[in-house]
Amino acid sequence: MYSFDHVIERRHTYSVKWDETERFFGVKDVLPMWVADMDFQAPPAVIEAMTKRVEHGVFGYTAIPRSLKEALSEWLTTRHQWTVHPDWMSFSTGVVPALATAIEAFTSPNDRIVVFSPVYPPLFQLVQKNGRELVKCPLRFTEKGYEINWDDLQEKLKGAKMLLLCSPHNPGGRVWTKEELTTLGTMCLEKGVIVVSDEIHADLTLPPFQHTPFASIDEAFANMSVTCVAPTKTFNLAGLQCASIIIPNRSLKKQFDAAQQRQGFFTLNTFAVVGAEAAYRHGGEWLDALLMYIQKNIEMTCSFIDTSIQKLRAVRPEATYLVWIDCRELGITEQQLKQLLLHKGKIAVEMGSKFGEEGRGFIRLNIACTRKTLEDALNRLAVAFEGL
Ligand SMILES: Cc1ncc(COP(=O)(O)O)c(C=O)c1O
């Protein structure tokens, strides 16, 4: 019913992934497998709703309608068994801007903010650029992927004001279990630490794994947390710039909204509103089909690496289309790794140290592309490491 095999030319569309690779990597004609967006078209219902809106032709200031909040609320109930009242929702142009607002709203300069590492880099950068103290809590890399070092977390939470959680986790694709989140939440609650949970990858959880929204576990957790969700990763709408921030605690929500007003945020753009509502209302079937396609791409990637590039170890993600690959057995530096990938393999991927020192020696491969592109990418990886 939905074809993800169809190759769509993305060059010359101002795509960061396809048009900016040379600027970021300094090399021409490499296959871009880095930025976390997908090469697929958005769900047909989203394209239809936006086309209709384009045809209307008037693009004046657009309000955030109650119907969008209701659509998201229904989505969260159906997909994540989480009952969210529309009044708990605020909106933003992205999860990253929302995290910045949360830092401004709930902490003061020099306050300690705990962040796991390796992680999506803006989580570190936002803390530092806002003059807060970054307290890194390194994750443990095990056979099962990343795990939280509980003793270290207990220590690091002392005197902290906030914990920035990435759930599911990027990179590595761990879907934190309800038990892990309960332990984490209990520790934060005891120490009065606000949990800001970036759940942008939640809808991309791959069965049989199941995402548990942090705030859904317990009323006490809901009361001390801010959850960021978005239709942008799920439905490949990053260019629309839209995120929802769920804050059940009324006083915290007031503080968040006041910070947004100080920053001059007023409303979303017309297409974010139209696209998000159509996606949440009609995108479920498309998403299920997408997840099946992604699962197959992951299987293909892992088995190719297992059989053809034996010194590499692909971490099978429990969520997301980003495969974290351990290259440490090659025994080369990250600079050498990068050179081989760019110049010999002709492929651009994210280098692990971008996600924190703990990520050094790993690479992150974005497999949200057609199978044809993926085959090409895997062959390029093999070429890059031939003879090593
Ligand atoms: C964990 C995480 N949070 C946030 C973002 C970006 O969110 P936004 O585009 O809504 O700012 C990404 C994108 O890769 C991500 O991986």
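Predicted model: local features only at pLDDT ≥ 70, side-chain atom pairs only at ≥ 80, totals over all residues.
1. Let's start with who surrounds the ligand. The residues around the ligand are A36, G94, V95, V96, P97, Y120, C166, N170, D198, I200, H201 and K233. Sorted by class, that shell holds 7 nonpolar, 3 polar and 2 charged residues. Helix α5, covering residues 95-106, supplies the largest share of the shell, with 3 residues.

2. At V95, a backbone N or O atom sits 2.7 Å from an oxygen atom of the ligand. V96 also takes part through its backbone, with a polar atom 3.0 Å from a ligand oxygen. K233 uses its side chain instead: an N or O atom there is 3.0 Å from an oxygen atom of the ligand. As for cover, the ligand on its own would expose 400 Å², and the protein buries 87% of that.

3. Where does the ligand sit in terms of pockets? The space it takes is the largest pocket.

4. Four strands make an open sheet, ordered β11-β12-β15-β14, with antiparallel pairing. The edge positions go to β11 (313-315) and β14 (350-351); each has a single partner strand, so one side of each is left without a neighbour in the sheet. As a reminder, strands of a sheet pair through backbone hydrogen bonds, in either a parallel or an antiparallel way.

5. Strand β12 (residues 322-326) and strand β15 (residues 362-366) run antiparallel and are joined by 5 bridges.

6. Two peptide bonds deserve a look, since most peptide bonds are trans. The bond from S117 to P118 is cis, with omega near 5°, and P118 lies in the loop between β3 (112-117) and α6 (122-129). The other cis bond to inspect joins P207 and P208, where omega is about 10°. P208 is in the loop between β8 (194-198) and α9 (219-223).

7. Last, a phi angle. Most residues other than glycine have a negative phi. D29 is not a glycine, yet its phi is positive, near 55°. You will find D29 in the loop between α2 (21-25) and β1 (31-32).

Notes: Residues numbered from 1 in each chain as written. Heavy atoms only, no water. Near = heavy atom within 4 Å. Polar contact = N/O pair within 3.5 Å; in protein donor to acceptor, adjacent residues only side chain to side chain. Areas by Shrake-Rupley, 256 points an atom, 1.4 Å probe, with all protein chains shown as cover. 1 Å grid on protein atoms, 1.4 Å probe; cavity = no way out; pocket = protein on both sides within 12 Å on 5 of 7 lines; lining within 4 Å. Sits in = over half its atoms within 2 Å of the grid points. Helix = DSSP H or I, 4+ residues; strand = E, 2+ residues; numbered from the N terminus. Nonpolar A, V, L, I, M, F, W, Y, C, P; charged D, E, K, R; others polar. Pairing = 2+ DSSP bridges.
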